[in-house]
Every structure is written in structure tokens, then in C-alpha cells.
Amino acid sequence: MSTTELVEQAQQLEAPTGKGYMAHWGIEGIRMDYARWRYHEPFAAEWRTEREAVHLRFNLRGRTILENDQAGTVVHLASSEHNLFYSPGFDGLIRHEELESETFSLQFSKPAFLMLAQQATEPLRRFCAAVLQGQELVLSPCGLPLTLSLHTAIREVLGCRFTGPLKKLFLYSKALELVALQAYAIEQQSQPQHRYVRTDYDRERLLFARDYLIEHRALPPSLLELARVAGLNEFKLKKGFKELFGHTVFGYLSEQRLADAKAQLQERQKTASELAFELGYSSVQHFSSAFKKKFGVSPTQLRG
């Protein structure tokens with residue numbers, strides 16, 4: 001890892017297309033970008049770069065299509081999806097199909113990515129071989145669902161309170177973690193056909209159920225209510241949710257709530273008592289026990 005300083009920048013923006021916030025962090029060979037926009041209407045923007053890079057793209061909200069006319073490739077990413085692609089350069093369009101978008105991406109220089117990924121899983125080793133040949137490549141033919149682990153790691157980057165060399169070390173470790181988590185997600189995708197999530201419709205409805213659950217986590221629906229709004233029967237919801245996201249519906253909700261609580265404690269927004277009440281725990285002690293089991297420290301220790 002280079003000893004050069006961390007480069008970071010953040011700014012609020014207003015353009016004819018809408019209003020947004022953008023931030024980026026640069027480490028030697030690695031760039032992290034975050035963007036959150038509210039548009040007046042769906043639109044397409046030109047994107048041209050001669051920079052050779054490997055892109056890990058995470059769509060946190062909104063639907064995006066990346067059309068690289070130079071290579072003839074198209075990457076579709078719906079809300080809460082991610083993918084990995086390599087391009088010796090990009091000359092094409094980014095289409096934003098919804099009025100809100102939130103994205104996070106990692107861009108690795110070719111040497112930096114090869115150093116990290118050549119010893120990883122078989123799908124990533126094949127990807128590295130194509131990168132070495134300079135071949136334009138999108139790793140997965142369709143967007144992969146954003147797992148809770150990936151979502152949590154991204155939010156920890158955005159909520160980082162470290163400064164200077166310590167922040168650089170933290171961000172570098174998170175870049176490694178995101179590569180590992182995405183490699184695992186890609187490996188899982190290549191496993192034999194799912195038993196319960198058999199069609200694109202099943203997958204789309206389960207992603208909707210997950211997003212609806214997160215949006216209403218303060219007052220969550222019952223399984224029957226969630227199945228109804230998602231257009232699934234309760235059996236398909238329970239089995240398909242566990243298969244796609246690795247957690248039961250309410251197990252996922254519990255993990256999400258704890259991740260939210262951690263971010264709020266780190267930013268000193270709320271106390272453990274306030275969070276225990278809001279999250280519906282029977283006592284502060286019960287909340288503290290669940291939090292310590294998940295993160296290895298108590299809420300008081302983390303906030304302090």
C-alpha cells in the first residue's frame with residue numbers, strides 16, 4: 001500500500017437535470033465514489049473516459065443502464081443490485097430511469113485489481129485472465145442482489161469518522177472487504193439452480209419485498225401483509241427470501257436495524273436507550289446484548 005495521502009472530496013450539486021450530493025475518496029490505485037441524486041425526469045448522460053479500470057458498481061436505489069458503445073456492452077442494474085465489469089475505456093451513455101438514484105462504486109486500476117483478485121475465487125480468476133488480455137467484460141449477465149453484508153460495508157464507508165492515515169487504512173480495508181463479499185456473491189450465483197427463486201419474476205418480487213421491508217422497518221408488516229404487497233404467497237416469500245438473501249425475513253430485518261443502530265451510535269445521533277425503544281426491544285439490556293453479540297462491543301462502548 002502506498003504512503004501517499006488519502007484524497008477526498010464532497011460537494012452538493014445543482015444542475016438542470018436535478019439536485020445531488022457526490023463524494024469520492026482516492027487511495028493509490030483505488031477510487032471510491034458515492035452519489036445521491038433527485039432528478040426532474042429520467043435522462044441519459046454521456047460518459048467518456050480513456051481510463052482503464054475495473055468497476056465494482058452498487059446500485060443502492062434507482063435503475064441504471066450503462067451502454068458502452070465503444071465495446072458494444074450494456075450493464076443493467078436495478079435498485080439494490082451490483083455487478084463487476086472491466087473496460088479499457090468507456091464511450092457511451094448512463095441512463096437513469098427513475099427520479100431518485102443512489103450509487104456507490106469502486107474503481108481499481110488494472111494492477112491494483114490484479115494484485116487483489118488473482119488469488120480469489122474461480123470466477124474472479126477467469127475475470128482476471130480477461131483483464132490481462134484487455135478484453136471488455138461484464139462478470140454476471142444480470143445484476144446480483146445486494147446482500148446485507150455488502151450494504152453494511154458500504155454504509156460503514158459512508159459513516160467513517162476516522163481522519164488522516166487511519167481513515168486511509170480503514171477505507172483500504174473496506175475496499176478489500178467489498179471485493180471479497182462481491183466475489184462470494186458471484187460464486188453463490190454460479191451454484192446450481194435455486195429451488196424456490198426460479199424465475200426473473202420471483203427474483204424481482206423478492207427484491208421488492210426486501211426494499212418494502214427496509215422502507216417500513218420502523219413499523220414492519222406481518223409476513224402475510226408483506227406477501228400480499230409483493231404479489232407472492234407466504235410460502236414462496238419465506239423460502240425464496242431465505243434462499244436469495246441468506247436470512248429469514250425478520251432475521252434480515254433485525255440485522256438491518258442493528259446496522260442502522262450502529263451507524264446512528266457512531267454518528268452520536270441517538271443514545272442506546274432511544275434506539276432500544278425505537279427498535280422495539282423489551283429493554284435496553286436486551287438491545288445491548290443483541291448489539292454486542294453482533295458487533296463484539298456494547299452500544300455504550302461504541303458511542304463512547
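## Charged pairs and their surroundings

Lys110 and Glu52 join their side chains in a salt bridge, at 3.5 Å from N to O. Lys110 belongs to helix 1 (residues 110-117) and Glu52 to the loop between strand 4 (43-49) and strand 5 (53-61), so this pair ties together parts that are 58 residues apart in sequence. A salt bridge here is a side-chain nitrogen of Lys or Arg within 4 Å of a carboxyl oxygen of Asp or Glu. Helices (H or I, at least four residues) and strands (E, at least two) are DSSP runs, numbered from the N terminus.

This is a predicted model, in which local features need pLDDT of at least 70 and side-chain atom pairs count only at pLDDT 80 or more, while totals for chains, interfaces and linings use all residues. Residues are numbered from 1 along each chain as its sequence is written, and side-chain values use heavy atoms, leaving out hydrogens and water.

How many salt bridges does the rule give? The count comes to 17.

| Salt bridge | Distance, N to O |
|---|---|
| Lys110 and Glu52 | 3.5 Å |
| Arg95 and Glu67 | 2.8 Å |
| Glu156 and Lys174 | 2.4 Å |

Glu156 lies in helix 3 and Lys174 in helix 4, so their pair ties together parts 18 residues apart in sequence. Salt bridges that share partners join Glu156, Lys174, Glu177 and Lys262 into one network.

## Strand 6 and its partners

Four of the five residues of strand 6 (residues 64-68) are buried, so this strand is largely enclosed by the rest of the structure. Strand 6 pairs in the antiparallel sense with strand 7 (residues 73-77) over five bridges, and with strand 9 (residues 90-96), also antiparallel, over five bridges. Strands count as paired if DSSP finds at least two bridges between them. Look for Asn68: Thr73 stands opposite it in strand 7, and Gly92 is its bridge partner in strand 9.

## A charge over a ring

Finally, find Arg205, whose charged end sits over the ring of Phe208, 4.6 Å from the ring's centre. The rule asks for NZ of Lys or CZ of Arg within 6 Å of the ring centre and within 35 degrees of the ring normal.

Definitions and conventions
Buried means under 20% relative accessible area, exposed over 50%, partly exposed in between (1.4 Å probe, protein chains only).
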